[in-house]
Amino acid sequence: MLTAKQKELLLYIHERIKETGVCPSFDEMKEALDLASKSGIHRLITALEERGFVRRLPHRARALEVLKLPDSATPAAPPRGRTAFRPSVVPQEGRAAAPLAAAAGSFEIPVLGRIAAGAPIEALQNEIGRVVVEPELSGGDYFALEVRGDSMIQAGILEGDHVILKRTDIADSGDIVVALIDEEEATLKRLRRRGQSIALEAANPAYETRIFGPDRVRIQGKLVGLRRRYS
């Protein structure tokens, strides 16, 4: 059983990560909950962690992952232009993307290879597995890719994750996309439009932002969800 403040904080963190891909700062949490100090946020997060609702991501400052929501939680509507998705934690079943037990109404989409969150590599290859997604993604053209590299860790995307993507060649500035560079290399990055140029921005300060002319980059998909397996 969560207290009102614990539940409020959990839902706030969940919605911010879903909207921006980044966990809010302690200052933002303090202001959102109208608390006097960050020590109150520390206590609430510790309580949520002890109850299995969140976990701290290692080697990353203030980074949290929402593992589950209260049964009584009613998810807010997704931000405009984005498809709703919920975090999912499933057991490790080997390196291959083995099908997961499907909930009622859910269905499978193909895993079409591996995508670099770091140095670009080839992507959108042959199907190497399948993952289960929620029924709200039905009726669209979706696929998954297995992440390689660490350049998107501050967006909550880790090596070994499966990113769920909607197949599209259109994306807004700020969207996380699969971008094909010079029709040869594909990479997972945040897209930024800078005048007539396109910037592919990492979510890790160890990687530089790469800037290209619009004729050199083709969008192949836009991020709408993520699956993570734990050993």
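I began with burial: of the 231 residues of the chain, 45% count as buried, where buried means under 20% relative accessible area, exposed over 50%, and partly exposed in between, with a 1.4 Å probe and protein chains only. This is a predicted model, in which local features need pLDDT of at least 70 and side-chain atom pairs count only at pLDDT 80 or more, while totals for chains, interfaces and linings use all residues. Residues are numbered from 1 along each chain as its sequence is written, and side-chain values use heavy atoms, with hydrogens and water left out.

**Entry 1, overall make-up.** I listed three helices and 12 strands in the chain; helices (H or I, at least four residues) and strands (E, at least two) are DSSP runs, numbered from the N terminus. I then turned to contacts, meaning heavy atoms within 4.5 Å. Among those between residues at least 6 apart in sequence, 61% join residues at least 24 apart.

I checked the length of α1 (residues 4–20): its 17 residues should span 24 Å at 1.5 Å a residue, and the end C-alpha atoms are 24 Å apart, which agrees; the expected span is 1.5 Å times one less than the number of residues. Gly21 follows α1 and has a positive phi, near 80 degrees. Which residues of α1 are buried? I noted Gln6, Leu9, Leu10, Ile13, His14, Glu15 and Lys18, and these buried residues pack against α2 (26–33), α3 (38–50), β1 (54–56) and β2 (64–66). His14, in helix α1, counts as buried at 5% relative accessibility. Its C-alpha atom is separated by 9.3 Å from that of Lys68, 54 residues apart along the chain.

Axes here are lines fitted to C-alpha atoms, for helices over the stretch in contact, and angles run from 0 to 180 degrees between N-to-C directions. On the α1 side Lys5, Gln6, Leu9 and Leu10 meet Ile41, Leu44, Ile45, Ala47 and Leu48 of α3. By class, this contact of α1 with α3 has seven nonpolar, one polar and one charged residues, with Ala, Val, Leu, Ile, Met, Phe, Trp, Tyr, Cys and Pro counted as nonpolar, Asp, Glu, Lys and Arg as charged, and the others, Gly among them, as polar.

For α2 and α3 I noted an angle of about 95 degrees, with the axes 9 Å apart, and the two helices are therefore roughly perpendicular to each other. Phe26, Asp27, Met29, Lys30 and Leu33 in α2 meet Lys38, Ile41, His42, Leu44 and Ile45 in α3. The residues of this contact of α2 with α3 divide into six nonpolar, one polar and three charged.

A nonpolar core is a set of buried Ala, Val, Leu, Ile, Met, Phe, Trp, Tyr and Cys residues joined through side-chain atoms within 4.5 Å. Which members of the largest core touch the most other members? Of its 18 residues, they are Ile115, Leu145, Ile157, Val163 and Leu188. At least two residues of this core come from each of β4 (107–116), β6 (142–148), β7 (162–167), β8 (176–181) and β9 (185–194).

Asp34, in the loop between α2 and α3, has a positive phi of about 55 degrees although it is not a glycine. Most residues other than glycine have a negative phi. Is Asp34 buried or exposed? At 68% relative accessibility, Asp34 counts as exposed.

Asn204 has its place in the loop between β10 (197–201) and β11 (210–212), and at 10% relative accessibility Asn204 counts as buried. Residues up to four places away in sequence aside, Asn204 touches Asp150, Ser151 and Ile153.

Asp175, in the loop between β7 and β8, is buried, with a relative accessible area of 9%.

Note on methods:
Parallel < 35°, antiparallel > 145°, perpendicular 65-115°, else oblique.
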